[in-house]
Amino acid sequence: MHNGKPLSALPTENDQRPPYSSPRRSFKSKSYNSGDEFGSPWNVAPSSTPSPSILYHCISALYRQEGTIFALAIAKGLVFTGSESCRIRAWRQPDCTERGFFLASCGNVRAILAHGNTIYTSHKDCKVRIWRIVSGPDGFKGKKVGVLPKPQQILGVIPVKSGLKHKDCISCMAMNLAEGLVYTGSWDRTIKVWRMSDDLCVDSFTAHEEQINAVVVNQNDGSVFSCSSDGTVKIWRRVYGQSTHALTMTLKFQFSPVNALALSCPSGSSFLYSGSSDGIINFWEKEKISGRYNHGGFLQGHRFSVLCLVAIDKLIFSGSEDTTIRVWRREEGSGFHECLAVIDAHRGPVKSLAVALEMERVTFVGFLVYSAGLDQAFKAWRIKVSPEERMGFESSDAKTKVAEYEYDYEMSPVLSPAWVEKKLQGTQFLFD
């Protein structure tokens, strides 16, 4: 059942790399090149620091024969991948041994949402399928338990709020755990809200002028954040006592399409990050008194579009069209961010990221980062942090955090080093 190729089948880190890994200093950000002078398989970042704060290496790399992986999610010690295929595959953490798959009648899985034993997947037919993880004698088993919208809604038996299913690709999903709601964002510019208890659509509204690329929910207050190719980030709140939602704030500091969002809420604070097609990561900080989000600055280093973001406490992971993954750290009590590592991750754009805390018994030791690229590769990275960096993750709240973020991107040709070289030189050419 294993369809992947081993690490040796993929380009090694000793292969020639295009000259795009050198980071740039920018407003409220500081970056370093990663190095390997301390020996394989570990890479050290930053290389100029005698006692590095982060060590990383690739622990697994698979080449998918079923096409590009569009989405990743983590649940129950498993990593789920959605691709052009009709199979949603499950991989054991951290070695990425395949455990099984869900088989759907329609493929092109663009988004995956996981919580507990329940998995939501979006498909080419603009529907969301709901799966339940079932433990069996042979390990992993999955069972489909529902579809959004429900067949009764499509037939008109049950009243529907503002239409039926989405009219275009469902690009992103998010969950409000306290309210029991699932949000779906689509290229049809709408957001739909589904009640988890009965799988009914309770609200639907046009959120942006162009396609929606990401949706996240603040679990502390229920705020919903959406971003779009129209260059805006919008904040929505559910109207008290109703199922409808109202726009509370529009954030537009950037002028290029916004592809990804991530939310960090440590110790009552709230930081919102957005990744844009210009390679910039903007961030906003929430005022504790007014509740408004004020622009705090930007993180600059990626050469091309930022396609995916994950935030866990004070660390931010970003994947880009420039084929790299960057690890950023936010300093306590300020808006200063530092780039701790630049990982040459893939031979094509880094399309999706999922991150989990790695524990040894009851002690936090680092992160497991899973990445999928348009080079059809799926990789697992082990990132270890210094004892000083671990302090922010030693609380009981941090130990329970598992974050995943999936960004869905319209299919584009895979980047090669030659492609990157030509783009940096400003030349124009046609893709094969």
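Let's start with a hairpin. Strand E6, residues 87-92, pairs with strand E7, residues 97-103. The pairing is antiparallel, over 6 bridges. Ala 90 in this pair stands opposite Gly 100 of E7. Between E6 and E7 there are 4 residues. Look at Cys 96 in that turn: its phi is positive, about 60 degrees.

A word on confidence. This is a predicted model. The protein chain has an average pLDDT of 79. At least 70 is reached by 74% of the residues. Which elements mark the lowest and the highest mean pLDDT? Strand E1, residues 29-30, is the lowest, with 36. Strand E16, residues 212-217, is the highest, with 98. Then there is the stretch 395-420, where pLDDT is below 50. Even so, the model gives this stretch 90 contacts beyond near neighbours in sequence. Residues 426-432 also stay under 50. For them the model has 5 contacts beyond four places in sequence.

Now E16 again, this time for its sheet. The sheet is open, with 4 strands in the order E16-E17-E18-E19. Its pairing is antiparallel. The edges are E16 and strand E19, residues 245-251, and each pairs on one side only. On average, neighbouring strands here are turned by 25 degrees against each other, direction ignored. Zoom in on E16 and strand E17, residues 224-228: they run antiparallel and are joined by 5 bridges. Ala 214 has Cys 227 in E17 as its bridge partner.

Next, another open sheet of 4 strands. The order is E12-E13-E14-E15, and the pairing is antiparallel. Why is one side of E12 and of E15 left without a neighbour in the sheet? Strand E12, 170-176, and strand E15, 200-206, stand at the edges; each has a single partner strand, so one side stays without a neighbour. Inside it, strand E13, residues 181-186, pairs with strand E14, residues 190-195. That pair is antiparallel, with 5 bridges. Val 182 has its bridge partner in E14: Trp 194.

One general point while we are on strands. In a regular strand, side chains alternate between the two faces of the sheet.

On to the cysteines. How many disulfides does the structure hold? The count is 0. Take Cys 169, which is in no disulfide. Its nearest cysteine sulfur belongs to Cys 126, and that is 7.0 Å away. Is Cys 169 buried or exposed? Its relative accessibility is 12%, and buried means under 20%, so Cys 169 counts as buried. Cys 265 is at 27% relative accessibility, so Cys 265 counts as partly exposed.

Last topic: the cores. Nonpolar side chains tend to be buried together in soluble globular proteins. The largest nonpolar core in this model has 25 residues. Which of them touch the most other members? They are Ile 54, Phe 317, Leu 353, Phe 367, Val 369, Trp 381 and Ile 383.

Notes
Residues are numbered from 1 along each chain as its sequence is written. This is a predicted model: local features need pLDDT of at least 70, side-chain atom pairs count only at pLDDT 80 or more; totals for chains, interfaces and linings use all residues. Side-chain values use heavy atoms; hydrogens and water are left out. Two strands pair if DSSP finds at least two bridges between them. Helices (H or I, at least four residues) and strands (E, at least two) are DSSP runs, numbered from the N terminus. A disulfide is a pair of cysteine sulfur atoms within 2.5 Å. Buried means under 20% relative accessible area, exposed over 50%, partly exposed in between (1.4 Å probe, protein chains only). pLDDT is the predictor's confidence in each residue, from 0 to 100. Contact means heavy atoms within 4.5 Å. A nonpolar core is a set of buried Ala, Val, Leu, Ile, Met, Phe, Trp, Tyr and Cys residues joined through side-chain atoms within 4.5 Å. Axes are lines fitted to C-alpha atoms, for helices over the stretch in contact, and angles run from 0 to 180 degrees between N-to-C directions.
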